[in-house]
Every structure is written in structure tokens, then in C-alpha cells.
Protein chains: 2
Amino acid sequence: MLDLRRLQVLKEFAERGTIAGTAEALGYTASAVSQQLSALEREAGTQLLDRTARSAELTDGGRLLAVHAEQILAMVEAAESVLAQQSGVALGPVTVTAFPTAAVALAPLLAQSLRRHEGLQLVLRQSVGAAGVRQVSSAEMDIAVIDDWSERPPDTGTGKLRHLHLLHDPLVLAVPSDHPLADTRRPVELHRLLEEPWIAAPRGEPSRTGTDRLFATVGGAPDTAWEFQGQGTILNLVARGIGIAAVPALALAGGTSGLVFRVLPQAPARDVYAVVRASSMRRPAIDVTLRALRLAAAEVQQTLDEALRSAERT
Amino acid sequence: MLDLRRLQVLKEFAERGTIAGTAEALGYTASAVSQQLSALEREAGTQLLDRTARSAELTDGGRLLAVHAEQILAMVEAAESVLAQQSGVALGPVTVTAFPTAAVALAPLLAQSLRRHEGLQLVLRQSVGAAGVRQVSSAEMDIAVIDDWSERPPDTGTGKLRHLHLLHDPLVLAVPSDHPLADTRRPVELHRLLEEPWIAAPRGEPSRTGTDRLFATVGGAPDTAWEFQGQGTILNLVARGIGIAAVPALALAGGTSGLVFRVLPQAPARDVYAVVRASSMRRPAIDVTLRALRLAAAEVQQTLDEALRSAERT
DNA sequence: CATCAGCACAAGCGAATCTTTTCGATGCTA
DNA sequence: TAGCATCGAAAAGATTCGCTTGTGCTGATG
């Protein structure tokens with residue numbers, strides 16, 4: 001590995017032409033410069049100077065290296081100055097992973113809100129289950145947006161991870177527009193829903209948890225002949241009259257054409273959190289992104305609340 | 001000034017994420033890595049890590065610097081490998097300065113001959129008088145092509161400079177094609193030339209030396225009403241019938257349309273040398289260029305000799 | 001609550017590097 | 001031509017740098 005200070009000596013020598021002059025320019029003794037250049041030759045594995053008793057001149061290799069040295073040193077200086085300027089500004093890539101529904105719902109607002117931060121580069125990926133948390137924990141990702149069906153009061157997280165509460169997201173009933181239940185004057189009664197054909201996520205999926213819990217209160221389970229993955233797929237099937245489904249309200253942010261949703265009594269709900277390493281919260285880029293995430297979540301929450309209220313008002 | 005090894009540590013840390021892991025990867029102890037990164041923060045003047053008792057994470061500035069570090073290190077490696085490959089090959093810029101006539105005469109052949117040396121970049125400038133030697137002496141230029149009217153036997157130079165004899169270049173008489181002297185059956189008699197209108201270089205110019213010395217042998221001086229600078233200019237004036245002139249044979253290499261030249265009896269001559277620092281002769285690039293220069297000079301010399309012989313043969 | 005893991009700090013030691021000194025060689029000048 | 005000055009290299013000593021070892025602290029984990 002070449003040494004930067006020696007490259008600087010070489011560059012200076014290339015300009016001055018004598019060891020004594022180089023030494024004076026750099027504030028060293030001539031002997032030090034001579035030794036430094038010898039050491040550089042050792043490191044480079046090539047002869048860099050033709051030395052005579054009274055003069056020293058660069059070899060072709062020395063000249064070549066001097067040219068490179070100049071570029072390298074310029075690059076280092078550039079890095080230093082950039083660093084000096086950009087300290088405290090939010091910049092660099094921030095990686096966010098979210099479960100698909102949240103990604104769909106939050107991405108536009110997030111992008112909007114972060115647009116004014118010039119140097120910040122947002123990378124949004126999707127992940128399911130606990131993978132997101134693991135990725136944040138291992139510093140593979142910076143922020144994970146996860147859902148939690150436990151219905152515990154929001155906590156701020158323990159250990160090296162912090163949780164920020166973003167959304168409270170209850171299950172809603174999705175029915176086709178031409179379905180009897182689409183009539184909002186008719187109340188939704190849980191025990192009668194058991195007779196309907198149900199579409200649900202496969203067992204083991206996080207979003208399946210809500211559906212199962214919903215019917216646990218009435219001591220039964222719906223006939224889930226069709227199990228499909230993906231809220232979008234499920235809603236599409238509902239709109240086409242294949243069956244009905246219970247989906248998190250957040251899923252409605254993707255579009256609700258051809259279907260009607262109803263508020264479910266005693267509906268289980270999930271909480272959506274942003275998970276982040278406590279140590280990374282100091283980073284301006286992370287800080288800015290988290291603020292944007294909270295802002296986006298607040299807007300989504302407000303939209304959902306209004307939609308649910310107006311759905312039952314009629 | 002940032003230190004390369006520390007930048008390497010930073011880069012490694014950016015990939016691994018922990019000090020202990022970085023230490024293991026680099027074969028150091030964790031303590032060493034910690035100290036190196038602290039030192040790097042001191043050098044950079046910015047906080048690069050957020051340190052807690054049990055973890056350390058890069059700040060935005062640290063990430064930024066890590067990106068730069070990667071580029072810089074790649075550049076250094078590239079320089080090393082280029083250096084390892086190109087050792088012993090002629091490359092780099094070689095700067096040659098020549099007096100104008102020589103530049104015109106030698107440039108095409110020189111370029112031709114150096115074409116096959118890929119990495120070699122030739123820079124040819126013009127200079128007059130002793131400026132070329134001074135520039136070579138101060139390493140401002142690598143090679144100077146100079147003329148010497150002293151008519152001493154060729155010497156190889158003294159001190160740190162070496163002289164390589166390139167050409168022996170006698171004065172010839174240049175007359176318009178329709179001039180009585182253009183008749184080659186009529187011998188050139190020096191004392192009769194004094195009656196002709198002469199064009200010469202200004203006093204003090206090196207090429208004026210020859211003209212003056214020519215007439216010193218017959219104890220007179222021509223009527224030099226017109227003094228012009230530049231052999232090309234002078235030859236042009238001769239071709240238009242303004243007068244006659246004595247020019248070094250080398251000047252004929254630039255083209256002889258409209259004029260005839262005659263060999264002068266007892267003509268003074270100049271010798272053309274390449275001047276180079278003894279210390280730089282070991283450089284392959286210089287060596288190659290000098291060979292090319294000698295080759296070009298030999299060709300020019302041969303051309304001149306033949307032209308002079310055939311001029312008087314008729 | 002005990003253990004473990006990760007990091008920082010202090011001390012010590014070895015290596016690197018700078019200075020001083022001396023010498024040889026060369027160029028310049030009187 | 002002789003002496004002086006300049007330049008670079010080598011040897012020796014002093015200082016600084018950097019790595020290791022050992023210790024302590026804090027927070028996560030079971």
C-alpha cells in the first residue's frame with residue numbers, strides 16, 4: 001500500500017526537481033525527503049529516481065507515479081472539503097423496508113416529502129414478517145416498517161432498536177358493490193358473516209392473524225375455501241364477487257373500485273411501526289426520513305379515519 | 001492529510017459494521033481499529049462514528065467518507081498495477097525544444113519514427129539562442145536541439161549535460177531561379193558576391209554569424225540593406241528576386257520552389273547538437289527519443305548531401 | 001441477576017521517521 | 001586549477017507513531 005504523504009513528497013519533487021528544494025518546500029530536511037522517496041520506491045517496487053551524487057531525476061516510472069499521485073491527492077482533498085461542507089446535512093442513501101401494503105400506501109407521500117432533501121437517496125424495499133426487523137438489526141437496512149397484531153399499547157422499543165408508532169389499522173369488511181352487505185343501512189352482524197364465502201390470506205401469513213381473531217370472539221371460523229396471497233389480489237377477487245374478505249383498512253389506500261367496505265364491530269387491529277436502530281437515529285438522513293415517515297403515516301391515518309366514518313354515516 | 005491505511009480501515013468498517021469485525025478482517029485488534037478510526041476523525045475534523053458503549057455506527061459523514069475512500073483506494077491500486085506493468089517501457093511526455101529551422105526539418109521524421117511507441121508523448125517547442133540549453137539544464141525541457149557555429153570538433157558535453165552531434169550544416173548560397181548565379185556552369189566566386197544585394201538575418205542572430213564569417217575570409221562585408229528574421233522569410237524574399245542570401249543547407253528542407261542554391265567555397269558551417277541531461281539519458285522515453293532524433297538527423301544529412309552534390313554536378 | 005459482547009482508555013513496547021552529522025562527488029568561481 | 005558551495009546518501013540518535021495487552025464500562029441476553 002502506497003503512502004499518501006510519500007506520494008505528496010513525490011509530487012513535490014516532480015515539480016521542484018531537487019531533493020533539497022522539495023525538503024525546503026515541505027519543511028523537512030533533505031535527508032528525510034531522500035529517505036521518504038527511497039521508502040516509496042520500496043513500496044512501489046520500482047525505481048522512481050535516477051540518483052547521482054549531485055542530482056536526482058525522476059525515471060519514467062517516477063513521472064508516471066507522480067501524475068497518478070497528483071490525481072489521488074486531488075481526490076483526497078476533494079473528499080476532505082466535501083466532508084467539511086456537508087457535515088450535519090442529511091445525505092446519503094437511506095434504506096427502508098416495509099410490508100407490501102404499507103409500501104404501497106406510504107411510498108407516494110414519502111417521496112413527496114423527501115423531495116426537498118437534495119443529497120438524500122431513498123431506497124424502499126418490501127419484506128414480510130420478521131425479516132425487516134432482522135435486516136435493521138443487522139444494519140442491512142436502516143428502517144423497517146412492520147405491523148404488529150398484538151394490540152399492546154405502543155412501546156418505544158427495547159435494546160438497540162427503537163419503535164415509532166405510525167398507524168392504528170383496524171380490519172374492515174370488504175364486499176362487492178352489489179352484495180347485500182353493501183347496503184350500509186343494514187348492520188354488520190358477525191355471526192351471520194360465517195355463512196358467507198370467505199377469501200383470506202394463507203395460514204401463517206401475518207394478515208391472516210386478524211381474520212382468525214375476528215371470529216374467535218364469536219366462537220367460529222369462516223369457510224375459507226380460497227386462500228390467496230396479497231391484499232391486492234384478495235380485494236380484486238372480492239370486487240369480482242368471488243367472496244368477501246376482512247382486510248386491514250390500510251389496504252384500501254390502493255384503490256377501492258368495485259367494492260364497498262364496512263366497519264367491523266369488535267374488529268381486531270394492527271399497529272404499524274417504524275423500527276430503527278437507536279444508534280442510527282442521530283444520523284440526519286435517518287432523522288429526516290423518520291419525520292417524513294411519520295408525516296406520511298399521519299396523512300394516511302387521517303384519510304382512513306375519514307373514509308371509515310363516511311362509510312357508516314350514510 | 002488523511003491517511004490511506006485509515007481510510008482502508010474505514011472502508012472495511014463500512015462493510016462490516018462493527019469494530020471487532022473490522023479488526024478481525026484486517027488482522028488487528030479491536031483496540032487498534034478503534035484508535036485508527038478515532039485518529040481518522042481527528043484528521044478529518046468531523047465525527048465519523050456514533051459510538052455507544054456497545055456499538056458503533058457510521059454517521060452520514062462517515063458514510064460519505066467511506067464512499068470516497070473506496071474510490072481513492074481503487075485509484076491507488078490502479079496506480080500500483082499500472083506502475084508494475086509499465087516499468088522499463090518508454091512512456092510519458094518528452095519535451096524537445098529546437099531552433100526553428102531544425103524543428104521544421106526534423107519534426108516529420110521524428111514523429112514518424114516515434115509513432116510505434118504507444119505511451120510516449122512528444123512535445124516539440126521552438127526556442128532560440130541559449131534558451132534551449134538553459135531550459136534543459138533546469139529540467140524545464142528534456143532535450144534541446146541547438147546549433148553551434150564554432151566549428152570545433154564535436155564534443156560530448158561536460159558536467160551534467162551531454163551533447164549528441166546530429167548534423168553538419170554548411171552555409172549555401174540561395175539565389176533566384178532567374179539570377180545569373182543560378183547557372184551552375186558558372187563558378188561561385190566570393191569576392192564578386194559582394195556586389196550583389198544581400199538579405200541577411202539581423203545582427204546578433206545566430207544565423208547571422210555564418211554570413212559575417214563567410215566574408216571575413218575575403219576581407220569585406222556585403223551590403224546588407226535588408227535584415228529579416230526567419231530563414232523562411234529570407235528564402236521567400238530571395239525567390240522573389242529581392243536579393244541573394246547565404247543560408248544553412250538545413251533551411252532548404254522547408255522547400256526550394258523558385259530558387260536555386262549553390263555550394264559556397266570555404267563556407268562556414270554549423271554543427272547541430274542535441275543537448276540532454278546526462279541523468280535523464282537512462283530514461284527509456286528519452287533514450288528512444290534520442291535514437292529517433294539521430295535517425296531523423298541522419299536521413300536529413302543524407303538528403304542534404306545528395307542535394308548539394310547534384311546541384312553542382314550539372 | 002449473571003454473563004457476554006462490544007468498545008474505549010491507559011500503559012508499554014517496537015517500529016517508523018525525522019534530525020543531526022558526516023562523507024563523497026560534482027559544479028562553480030576566483 | 002584550487003577551493004568553496006551544493007547536493008545527495010548513510011549512520012546514529014531522538015522522537016513520534018501505532019499496535020498489543022490489560023482493564024473497565026455499558027448494554028443486550030438468557
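**Figure 1. Surface near DNA strand D.** The residues of the surface near DNA strand D comprise nine nonpolar, ten polar and five charged ones, where Ala, Val, Leu, Ile, Met, Phe, Trp, Tyr, Cys and Pro count as nonpolar, Asp, Glu, Lys and Arg as charged, and the others, Gly among them, as polar. The model is predicted, so that local features need pLDDT of at least 70 and side-chain atom pairs count only at pLDDT 80 or more, whereas totals for chains, interfaces and linings use all residues. Residues are numbered from 1 along each chain as its sequence is written, and chains are lettered from A and ligands numbered from 1 in the order in which they are written. DNA strand D is surrounded by 24 residues, of which Ile19(A), Ala20(A), Ser34(A), Arg51(A) and Ala53(B) are the closest; a residue is near a strand if its C-beta atom, placed from the backbone, lies within 6 Å of it. At least two residues each come from α2 (19-26) and α3 of chain A and from α3 of chain B, and α3(B) gives the largest share, five residues. Helices (H or I, at least four residues) and strands (E, at least two) are DSSP runs, numbered from the N terminus.

**Figure 2. Surface near DNA strand C.** Around DNA strand C there are 23 residues, and Ala32(A), Ala53(A), Ile19(B), Ser31(B) and Ser34(B) come nearest. The elements that give two or more residues to this surface are α3 (30-44) of chain A together with α2 (19-26) and α3 (30-44) of chain B, with the largest share, five residues, coming from α3(A). By class, the surface near DNA strand C has nine nonpolar, ten polar and four charged residues.

**Figure 3. Contact between chain A and chain B.** Chain A and chain B each give 43 residues to the contact, two residues being in contact if their C-beta atoms, placed from the backbone, lie within 7 Å. On the side of chain A that touches chain B, α1 (4-16), α4 (60-86) and α10 of chain A each supply at least two residues, and the largest share, 16 residues, belongs to α4(A). The residues on this side of chain A divide into 18 nonpolar, 14 polar and eleven charged.

**Figure 4. Domains 2 and 3 of chain A.** Chain A is divided into domain 1 (4-84), domain 2 (89-167 + 271-313) and domain 3 (169-269), with bounds that come from an automatic or database domain assignment. The centres of domain 2 and domain 3 of chain A, taken over C-alpha atoms, are separated by 26 Å, and their contact takes 16 residues from domain 2 and 19 residues from domain 3. On the side of domain 2 of chain A that touches domain 3, α5 (100-114) and α10 (284-313) of chain A give two or more residues, and the largest share, six residues, comes from α10(A).

**Figure 5. Surroundings of Ala174(B).** Apart from its neighbours within four places in sequence, Ala174(B) is in contact with Leu235(B), Val238(B), Ile244(B), Ala245(B), Val247(B), Leu259(B) and Phe261(B).

**Figure 6. Ala84(B) in helix α4 of chain B.** Ala84(B) lies in helix α4 (residues 60-86) of chain B. Ala84(B) counts as exposed because it has 12 C-beta neighbours inside 10 Å, the exposed class being that of residues with 12 or fewer other C-beta atoms within 10 Å of their own, whereas 20 or more make a residue buried and values in between partly exposed, with C-beta atoms placed from the backbone. Between the C-alpha atoms of Ala84(B) and Thr95(B), eleven residues apart along the chain, the separation is 24 Å.
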